[in-house]
Amino acid sequence: MLAQVQLLFMVVFLEMALILLFLFRTPLRKLIIMTLDRVKRGRGPLIVKSVAATVLVIMIYTVYSIKELQSRPTDSVNPTDQILLAHQILEAALMRFSLFLGLMIDRLHHYIRELRLLRKTMEAVKKQDRTLDNGKNGEASTLRDEISSLRNTVKQLESESEAKEKEVQSQKENSDSLKGQSEKLLLEYDRVLEENQNLRSQLQSVDQTVSHSDSKKNT
C-alpha cells in the first residue's frame, strides 16, 4: 500500500514537472512535445486511455470503499480502519489529482501544437505577402520605366509636331506670298491686255483714216 502511494506521488510530481516545463520555452520542452507527438501516434492513444480508465476504475472503487468505511458506526471503527481510511482517502486524492494533471498535460500539448502550426501558417503568409510586395515593387518599377519611356516618346512627338507646324506655317506663308504675286501678275496681265486692245483700236482707226484719205486722192 505504501508503494502505491509512493508511485502515485511520483506520477503527480512528474506530471507537475511536465506542466512546468510546458510553461517555459526551452529545448527540453521541444523534446517533450516531440515525445508526446510520437506517443499519440498509432496505439499510443489507446494505451493512454486504457491506463486512465484503469486509474479511474480504481479511484471509483477506492471512493466506494471510503464511503463504506465512513458509513460504519463510530464504535465499530478501530485504529486500523482509521489508518486504512486515511490511506484510501490519500490514494483517491492522488489518483484524482493525477488524472486532472494528465488532462492538463494533454490540453497543453494540444494547444502548444496548435500554436506552433498557427505560427508556421502566419510565417508562410508573411513570406507570401513579402513575395507579393516584391512582385508589386517590381511591377511598379516596370510601370515607372514604361511611363518614363512614354513621356520621352510624347516629348519627342511634341517636338516633331512643333517642327511640322513651323514647316506648315512657313509653307503657308510662301503660298500666301506666291498667291499675292500671282494676283499682281494677273492684274498686270489684264492691264497689258487692255493697253494692247487700246493700241489695236488706235491702229485700226489710223488705218481707216489712211485708207479713207487715199481713196479721196484717187478720186
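1. **Annotated spans.** UniProt, in an unreviewed entry, places the feature "transmembrane region" at residues 6-25 and 46-64. The model shown here is a predicted one. In it, residues 6-25 are 85% helix and 0% strand. The end C-alpha atoms of residues 6-25 lie 30 Å apart. Residues 46-64 are 100% helix, again with 0% strand. For residues 46-64, the distance between the end C-alpha atoms is 27 Å.

2. **Overall fold.** How many helices and strands does the chain hold? There are four helices and zero strands. Read from the N terminus, the elements run α-α-α-α. Helix 1 covers residues 2-22. Helix 3 covers residues 44-70. Helix 4 spans 79-218.

3. **Burial.** The chain has 219 residues, and buried residues make up 13% of them. Keep that figure in mind when you look at individual side chains. The points below give accessibility for several of them.

4. **The aromatic pair.** Look for aromatic pairs and you will find one in the structure. Phenylalanine 9 and phenylalanine 13 form this pair, and it is stacked. The ring centres are 6.0 Å apart, with 25° between the planes. Why does the pair count as stacked? The angle of 25° falls under the 30 degrees that set the limit for stacking, so the label applies. Both phenylalanines lie in helix 1. Phenylalanine 9 and phenylalanine 13 are four residues apart, which is about one turn of the helix.

5. **Exposure of the pair.** Is phenylalanine 13 buried or exposed? Phenylalanine 13 counts as exposed because its relative accessibility is 53%. Phenylalanine 9 has a relative accessible area of 31%, so phenylalanine 9 is partly exposed.

6. **A nonpolar surface patch.** Phe9 and Phe13 also belong to a nonpolar surface patch of about 620 Å². Which helices contribute? Helix 1 and helix 4 each supply at least two residues of the patch. The largest share, four residues, comes from helix 4. Methionine 16 lies in helix 1. Methionine 16 has 36% relative accessibility and therefore counts as partly exposed.

7. **The salt bridge.** The structure holds one salt bridge. Which residues form it? Aspartate 106 pairs with arginine 107. Their closest N and O atoms are 3.1 Å apart. Why can such a pair form? Side chains of opposite charge can pair when their charged atoms come close. Aspartate 106 counts as partly exposed because its relative accessibility is 27%. Arginine 107 counts as partly exposed too, at 35% relative accessibility.

8. **Arginine 107 again.** This arginine has a further contact to note. Arginine 107 lies over the face of tyrosine 111. The distance from the ring centre is 6.0 Å. View arginine 107 with both aspartate 106 and tyrosine 111 on display.

9. **Tyrosine 61.** Tyrosine 61 lies in helix 3. Tyrosine 61 has a relative accessible area of 59%, so tyrosine 61 is exposed. Where does glutamine 88 stand relative to tyrosine 61? Tyrosine 61 and glutamine 88 are 27 residues apart in sequence. In space, the C-alpha atoms of tyrosine 61 and glutamine 88 are 9.9 Å apart.

Conventions:
Residues numbered from 1 in each chain as written. Predicted model: local features only at pLDDT ≥ 70, side-chain atom pairs only at ≥ 80, totals over all residues. Heavy atoms only, no water. UniProt positions renumbered as here; feature names shortened; annotations may be inferred. Phe/Tyr/Trp six-rings, centres within 6.5 Å; stacked < 30°, edge-to-face > 60°. Buried < 20%, exposed > 50% of the residue type's maximum accessible area, 1.4 Å probe, protein only. Lys NZ or Arg CZ within 6 Å of the ring centre and 35° of its normal. Patch = residues over 30% accessible without salt bridge, like charges linked within 9 Å, V, L, I, M, F, W, Y side chains within 5 Å. Areas by Shrake-Rupley, 256 points an atom, 1.4 Å probe, with all protein chains shown as cover. Salt bridge = Lys/Arg side-chain N within 4 Å of Asp/Glu carboxyl O.
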